[in-house]
Amino acid sequence: MLDLAILGLLQEAPMHGYELRKELATKLGTLRAAISYGTLYPTLKRLKLAGWISEAAASNDAVPPMTSKRGRVVYKITAEGKERFAELLTQTGPETYDDAGFGVHFTFFSRTDRATRLRILEGRRRRIEERRESLREILTRVGDRLDAYTLELQRHGLEACEREVRWLEELITNERSGRAPAFRNRAGLTAAPSPAPTGDTPPAGTAPPETPRPHQDRP
């Protein structure tokens, strides 16, 4: 999954190791603990040997402060790397339903075709439903023998699974209807969903929708 994440970020722009690690930690919260320089640089070396990325020397003004000499190397995705990234995006195996795998793929859903997004979302929903049923069984079978804190932890896990199932069902409904996820602002209000990305372009000659004009009071 780290391969997909790195290639996806480098497709946006060339980056040096410091920048790349920062972007990975920002966008992929589920993998933060695993993204150390001891993990990142061996992965970059392997991707380079595979021909999916290349290295170039950065100018001095591109070097971030407080970094080692490794920060002077800028990594770029190659044409073969772009092909590999596109191939990784289409994968829908069980690894894409796990926490880390799902998080990485979801990050790049805007570049993934709708059919693949649906398969991953449905697979993730099945995985979380299985987890939910397992927690329910534990609470039913041995809940009365658990101490208060362990019981609360199990209940917290069950509630988290139920919330995620509802969220996934909403996403799946939107995908089937051709809508993107609704945006929720900090106040908790939901904006109208926009069309989901499909890669299609509007027909030639189609005029863009008219922008609503603010109301003007008459004198």
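**Ground rules.** Because the model is predicted, I noted that local features need pLDDT of at least 70 and side-chain atom pairs count only at pLDDT 80 or more, while totals for chains, interfaces and linings use all residues. Residues are numbered from 1 along each chain as its sequence is written, and side-chain values use heavy atoms, leaving out hydrogens and water.

**The elements.** I looked up the protein chain and found seven helices and three strands. Helices (H or I, at least four residues) and strands (E, at least two) are DSSP runs, numbered from the N terminus. From that end, the order is α-β-α-α-β-β-α-α-α-α.

**The sheet.** Next I checked the strands: they form an open sheet in the order β1-β3-β2, with antiparallel pairing. β1 (15-16) and β2 (53-57) each have a single partner strand, so one side of each edge strand lacks a neighbour in the sheet. Strands pair if DSSP finds at least two bridges between them; β2 and β3 (residues 73-77) have five. Ser54 sits opposite Lys76 in β3.

**Helices on the sheet.** I then saw that helix α1 (residues 2-12) packs on the sheet and touches β1, β2 and β3 (contact: heavy atoms within 4.5 Å). Its direction makes about 95 degrees with that of β3. Angles run from 0 to 180 degrees between N-to-C directions, with axes fitted to C-alpha atoms, for helices over the stretch in contact. Helix α3 (residues 37-49) lies across β2 and β3, at about 110 degrees to β2.
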